Amino acid sequence: REAKKMAKFDNEYGVSFRPKRISDNNTGSSSDQTQQSKEVEVEVDFPRIMQRMRKLRSKIAPVDGHERGSSLGTQTFQGRGVFTSPTTIEVVEHGKSLGDASNPTLKFRKAVVATGGRPN
């Protein structure tokens, strides 16, 4: 029984699916018979999922970070970008307001806007 429990999470993803089993007590027999239902039981091993995510991120971090961009001659600005004209964008840094004198204003001929995600 314990071996089956361990085998449920033998994949690297930490999620297992298996058909839900239901008891059939209407047979009149003394033995407990089981049959498969159409429902599925899902089990999640959250620590295993997080372990896999950290492993994947550690592989891409050296080529996907700010330092890599800097080594290629790009600059990265953190904040909310607001186009203030057809050729300028103001980067509103966290805790500051649009128009704050300390916000960087970038001038460009062509712009690439690469956005990231953030939690809600």
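Mentor: Strand β4 and strand β5 (residues 105-107) pair in the antiparallel sense over 3 bridges. This is a predicted model, so read each distance as computed from it. One of the pairings involves E90: its bridge partner in β5 is T105.

Now turn to β3. Strand β3 (residues 80-85) also pairs with β4 in the antiparallel sense, over 5 bridges. A hairpin of 2 residues joins β3 to β4. Across this pairing, G81 stands opposite V91 of β4.

Next, burial. All 5 of the 5 residues of β4 (residues 88-92) are buried, so the strand is largely enclosed by the rest of the structure. Check the two faces. T88, E90 and V92 lie on one side, and they are buried.

What is the nearest side chain of opposite charge to E90? It is R80, 7.9 Å away. A salt bridge needs the charged atoms within 4 Å. E90 is buried yet has no salt bridge.

E90 does have polar partners. Its side chain reaches the backbone nitrogen of G99 at 2.7 Å. The E90 side chain also makes a polar contact with the side chain of N103, at 2.9 Å.

Finally, look at what surrounds E90. Leaving out residues up to four places away in sequence, E90 touches R80, G81, V82, T84, S97, L98, G99, D100, N103, P104 and T105. That list includes T105, the bridge partner in β5.

Notes
Residues numbered from 1 in each chain as written. Predicted model: local features only at pLDDT ≥ 70, side-chain atom pairs only at ≥ 80, totals over all residues. Heavy atoms only, no water. Buried < 20%, exposed > 50% of the residue type's maximum accessible area, 1.4 Å probe, protein only. Helix = DSSP H or I, 4+ residues; strand = E, 2+ residues; numbered from the N terminus. Pairing = 2+ DSSP bridges. Lys, Arg positive; Asp, Glu negative; His and termini not counted. Polar contact = N/O pair within 3.5 Å; in protein donor to acceptor, adjacent residues only side chain to side chain. Contact = heavy atoms within 4.5 Å.
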